[in-house]
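Student: I would like to learn how to read a helix and the strands beside it. Where do we start?

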Amino acid sequence: MSTIEIHEFSTGVKVQSSQVGTQVLWWVEDYTEEDFMNCTLEPIPDVVYQAIDEELLKIPCFPKSLNPQKFVIIGREVKNKKEAWSIIAVISKGKDRNREEVLLYRYFIAQGLGKLTDLLAWFNTNNKPTFNPFDQKDIGQPHFYDDSKTRHNDALTLPQFKPLLEEKNPCLVIPHDLTCTVIMINQLAERRKKKNKLTAWSYQIEEIYKPQTFQVIYPLNSDAENYLRKKVSQRFKPKIFNNLLGFLGDFYQLMTHTIKVPLFLLVGIFFVGGTLISFPACLVLFAGFSWSILFIIGILIMFSLGFYLGGSS
């Protein structure tokens, strides 16, 4: 048994409401100069900040078919040479002064790996807190959680989970009609991750950045499931390869479709481009050749001078 410190912080915003200081009809007026608000630690650990900056805990937009009162949740472990943290990001939907959608994040973190289960247990027993600008927090005042309260029941022994555990794809997209809790998603990710890898999962997702970095994704509906399956099945390709394919594709389209650019201009472009490339190349080759000739002539002069001086003595 041990006591875990759970820190938190939220998206930094300035809010306005119809009744100042209350949660009645509030909206986001602006973002603060600082990245975060309601923090219980300062500064934010570098490895956590980097994960947020690299969009490992973000989504492009709030699911359209999800009740605005609900939330999306992402769990991830992060680590560098100096430190390791477990994180859950709770994502909810808000409005700005123009009544447009904004994404609002509330992060809960615990130091060390293997703490996601404890974070979720604390989260579930504390009314599942989401973004709340009026829930003021102070530096140095984390939440304290007794990890002996965490239940470790293995729900994956149920027969419907067997094929999921045997799935070969590194990123598993769970069938949307399979009822799962977020605790089950976390258990699946921990069971499926490779040795020495970091746990990562997402829950109630339609779209997400970098889906291949997760072991498990739970889609919100059938459309999301089909979309995410296609995304995670795509293999990574080097940028240079993608650029080459793009260039060849554009060139093919240019040669096989009506050319809107005048032919003489197209020829001129190729001529000027070839000249610009060939002139420096010829100059380099000529310079190298010239230096080689000068070097050989110098050697011959030295040998001749040596023979001359040796003969005269």
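Tutor: With pairing: two strands pair if DSSP finds at least two bridges between them. Helices (H or I, at least four residues) and strands (E, at least two) are DSSP runs, numbered from the N terminus. This is a predicted model, where local features need pLDDT of at least 70, side-chain atom pairs count only at pLDDT 80 or more, and totals for chains, interfaces and linings use all residues. Residues are numbered from 1 along each chain as its sequence is written, and side-chain values use heavy atoms, with hydrogens and water left out.

Student: In S9, which residue is the bridge partner of Trp201?

Tutor: Val216 is the partner of Trp201, and Val216 is also the bridge partner of Leu172. S8 and S9 run parallel over four bridges, while two bridges join S7 to S9, also parallel.

Student: Which residues cover the faces of S9?

Tutor: In a regular strand the side chains alternate between the two faces of the sheet. Val216 and Tyr218 on one side of S9, and Ile217 and Pro219 on the other, are all buried (under 20% relative accessible area, 1.4 Å probe, protein chains only; exposed is over 50%, partly exposed in between).

Student: Which residues are buried in H5?

Tutor: An α-helix has 3.6 residues a turn, so residues three or four places apart point the same way. In H5, Ala224, Glu225, Leu228 and Val232 are buried. They cover an arc of only 100 degrees around the axis (taken from the directions from the helix axis to the C-beta atoms), which puts them on the same side of H5. Asp223 and Lys230, on the other side, are exposed.
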